[in-house]
Amino acid sequence: MSSPNFPTPMHEALALAEQSVGLTEPNPRVGCVIVAPDGRVIGRGRTQQAGGPHAEVMALREAESQHEILHGATAYVTLEPCAHHGRTPPCCDALIAARIGRVVMAIEDPFPQVAGQGAARLRAAGITVESGLLATEARELNIGFFSRIVRGRPWVRLKVAVSLDGRSALPNGVSQWITGPDARADGHAFRRRASAVLTGVGTVHDDDPRLDVRLVETPRQPMRVVVDSRLETPVTAKLLAPPGAVLIYAAHPDAAREAALKASGAEIAFAPGPGGKVDLAAMLADLAARGVNELHVEAGHKLNGSLVREGLVDEFLVYMAPRLLGVGRELAAFGPLERLQDTLDLHWTSVDRLGDDLRLIARPPGREAF
């Protein structure tokens, strides 16, 4: 059971955790690899859907099914083993009962009921515990979970497709399709990562999007969220069709419209803010309370601009096509600015080519430091 394709067992554990994307929300994506004292990999596991077994238990089960001896083995796990009884028993207790000799974890779990307690319980049982191996990679894989637990808000990823001259749509709102099929499929892969996909009522009227995951395989559909201050979402909107939940945030009560949208399958939440608009910061706090880790935004230039102006965007996911649109709608409508010192400065996380298009990922400085 060797793993020649991975430089270390922790790399393999991260690859296993990656397979849980789109499955485990609101729980983190975790992978575990168990290595016998003679260096053989004897167990592999990844976290299942919420309420199902965690990665450590899955790896222990695989080893036990092959009648492997776990005494003295090393467990490589991408997140600190849990120490509390939630929907499942504590993973650290399962590792202790299996007489694991050493646990190498990538990073500590920020969840208050764990937060070092899992490692402490393992050490108290005489198990050697090490931490920090590939911690950055493990954190990135669960950056939404870390954001929700530490900051009380989801990780907000704003996705937009633009032309080389930075236009997201023609003046009349037409935007399909600026980029090619490779970029569109990649965008769906990011939708799959998210607990929820957010748009504004303007985009619902202009494009009538479904906002589901279609171009890549997924075990679940993310919740679809609409910012709609006056409850103007049509009951015929495609995003109201199953599968997946729909949540509409409004600022102005309207009993008739609310009843019609509820009858169409939507849930209505009120978050009134200044100027009769939805309070976006309050909305994010509410989404976090609902277990949303990563929020994927696919909206128009006005809602994008509001999110940028309020400093709520953690990551910009930009697909740039090698074409010029000339006059058109911008990526985000905010400003105007009078000084270059007032610009929103970003740093590149990655730049990749997808077919004829570029995928650009950028973040405001310090966004990861929470």
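The legends below accompany several close-up views of a predicted model.

Residues are numbered from 1 along each chain as its sequence is written. Because the model is predicted, local features need pLDDT of at least 70 and side-chain atom pairs count only at pLDDT 80 or more, whereas totals for chains, interfaces and linings use all residues, and side-chain values use heavy atoms, with hydrogens and water left out.

View 1. Strand 3 covers residues 74–77, where strands (E, at least two residues) and helices (H or I, at least four) are DSSP runs numbered from the N terminus. Both of its faces are covered, with Thr74 and Tyr76 on one side and Ala75 and Val77 on the other, all of them buried; buried means under 20% relative accessible area, exposed means over 50%, and partly exposed lies in between, for a 1.4 Å probe and protein chains only. Strand 1 (residues 31–35) pairs with strand 3 in the antiparallel sense over 4 bridges, pairing being assigned if DSSP finds at least two bridges between two strands. In this pairing isoleucine 34 stands opposite alanine 75. Strand 3 is also joined by 4 bridges to strand 4 (residues 102–105), and these two run parallel, with threonine 74 standing opposite arginine 102.

View 2. A search of the whole structure finds 0 disulfides, a disulfide being a pair of cysteine sulfur atoms within 2.5 Å. Cysteine 91 is in no disulfide, and its nearest cysteine sulfur, that of cysteine 82, is 3.6 Å away. Cysteine 92 is likewise in no disulfide, the nearest cysteine sulfur again being that of cysteine 82, at 6.6 Å. Cysteine 91 is buried, with a relative accessible area of 1%, and cysteine 92 also counts as buried, at 0% relative accessibility.

**View 3. The salt bridge between arginine 40 and glutamate 68.** The two side chains meet in a salt bridge at 3.1 Å, N to O, which is one of 29 salt bridges found in the whole structure; the term denotes a side-chain nitrogen of Lys or Arg within 4 Å of a carboxyl oxygen of Asp or Glu. The pair links distant parts of the chain, since arginine 40 lies in the loop between strand 1 and strand 2 (41–46) and glutamate 68 in the loop between helix 2 (55–65) and strand 3, 28 residues apart. Arginine 40 counts as partly exposed, at 35% relative accessibility.

**View 4. The salt bridge between arginine 191 and glutamate 298.** The closest N and O atoms of this pair are 2.9 Å apart. Arginine 191 belongs to helix 7 (residues 181–193), whereas glutamate 298 is in the loop between strand 12 (294–297) and helix 11 (301–309), so that the pair links parts of the chain 107 residues apart. Both partners count as buried, arginine 191 at 8% relative accessibility and glutamate 298 at 12%.

View 5. Aspartate 286 forms a salt bridge with arginine 290, the closest N and O atoms being 2.7 Å apart. Aspartate 286 is partly exposed, with a relative accessible area of 27%, and arginine 290 counts as partly exposed at 36%. Elsewhere in the view, salt bridges that share partners join Glu25, Arg29, Glu140, Arg157, Arg193, Arg220, Glu294, Glu315 and Arg363 into one network.

**View 6. The largest cavity.** The structure holds 1 cavity of 30 Å³ or more, a cavity being a set of points, on a 1 Å grid over the protein atoms alone, where a 1.4 Å probe fits but cannot get out. About 50 Å³ of space lies in the largest cavity, the volume being the space filled by probe spheres set on the points, which are joined across faces, edges and corners. Its lining residues, which have an atom within 4 Å of a point, are Thr24, Glu25, Asn27, Arg29, Asn142, Gly144, Phe145, Arg193, Ser195, Asn293 and Glu294. They divide into 1 nonpolar, 6 polar and 4 charged, where Ala, Val, Leu, Ile, Met, Phe, Trp, Tyr, Cys and Pro count as nonpolar, Asp, Glu, Lys and Arg as charged, and the others, Gly among them, as polar.

View 7. Strand 13 (residues 315–320) pairs with strand 16 in the antiparallel sense over 5 bridges, phenylalanine 316 standing opposite alanine 362. Strand 15 (residues 347–354) is joined to strand 16 by 7 bridges, also antiparallel, and the hairpin of these two strands has 2 residues between them, with glycine 355 taking a positive phi near 65 degrees.

Conventions
On a 1 Å grid over the protein atoms alone, a cavity is a set of points where a 1.4 Å probe fits but cannot get out, and a pocket is an open set with protein on both sides within 12 Å along at least five of seven lines; lining residues have an atom within 4 Å of a point.
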